[in-house]
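Morning, everyone. Please look at the screen, and we will walk through one fold together.

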Amino acid sequence: QRNLAVAERCAASDALTGLPNRRAADETIKRMVAHAGRTVTPLSAVLVDLDHFKQVNDLHGHESGDKTLAMIGEILSSTLRASDFAARYGGEEFLLLLPNTDRGGAVALAEKLRRTIAQTEVREVGTLTASFGIATLPDDAVDTEQLLRKADRALYAAKARGRNRVEVAMPSAGPGLGGEWPPVSDDGSAE
């Protein structure tokens, strides 16, 4: 049974970052969305994507890329609360789930992470930046699929608007990809 427990833990985690993998993330978000619905509390989802990460691998090699991803995993783990959840969601993308966190709280955390990542020196690589897309239950979505889709659209908007920034989903009643809340200046800082 001990070997089975170790195998299950390994199957649910990303060996490179030590964070849960996408499979574990998919199971966790369903559970957290159901809990948020039952308790009528907010749940924010934050998608994080490293900007121009392909260049890290191309210019410095995959070993440096792996070290960079591991460092991002450490930053996320050390910054989040015990109740929060972070996973490597794919490639250079990470998913953060923030229970009992409204839009404002999610924006504040994402901005803190954005600044920390931009100020962290990676040996042999230098600095890099990340873009963030945020969606919150129940303001932006009513279910898991919609929550992730809205966070992804907000992330896409952050990339389209110059990277190294935080964007939030438009509320369900609003049109478009995403909107800025609070308003964000061109340098990525809140106005």
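Which residues in helix 4 are buried? They are Ser-64, Gly-65, Thr-68, Leu-69, Ala-70, Met-71, Ile-72, Gly-73, Ile-75 and Leu-76. Buried means under 20% relative accessible area, exposed means over 50%, and partly exposed is in between, with a 1.4 Å probe and protein chains only. Helices here are DSSP runs of H or I with at least four residues, strands are runs of E with at least two, and both are numbered from the N terminus.

Some ground rules. This is a predicted model, where local features need pLDDT of at least 70, side-chain atom pairs count only at pLDDT 80 or more, and totals for chains, interfaces and linings use all residues. Residues are numbered from 1 along each chain as its sequence is written, and side-chain values use heavy atoms, with hydrogens and water left out.

Back to helix 4, residues 62-79. What covers its buried residues? The cover includes strand 1, helix 3, strand 2, strand 3 and helix 5. Now its length. The expected span is 1.5 Å times one less than the number of residues.

Strands count as paired if DSSP finds at least two bridges between them.

Now strand 1, residues 43-50. Eight of its eight residues are buried, so strand 1 is largely enclosed by the rest of the structure. Leu-43, Ala-45, Leu-47 and Asp-49 point one way, while Ser-44, Val-46, Val-48 and Leu-50 point the other way. Strand 1 runs antiparallel to strand 3, over seven bridges. Ala-45 stands opposite Leu-97 there. Strand 4 is also antiparallel to strand 1, joined by eight bridges. Across that pair, Ser-44 faces Thr-136, and Asp-49 stands opposite Ser-131.

Contact means heavy atoms within 4.5 Å.

Last stop: Ala-151, in helix 6. Is Ala-151 buried or exposed? Buried, because its relative accessibility is 0%. Leaving aside residues up to four places away in sequence, Ala-151 touches Ala-45, Leu-47, Gly-133, Ile-134 and Ala-135. Ala-169 is 18 residues from Ala-151 along the chain, with 6.2 Å between their C-alpha atoms.
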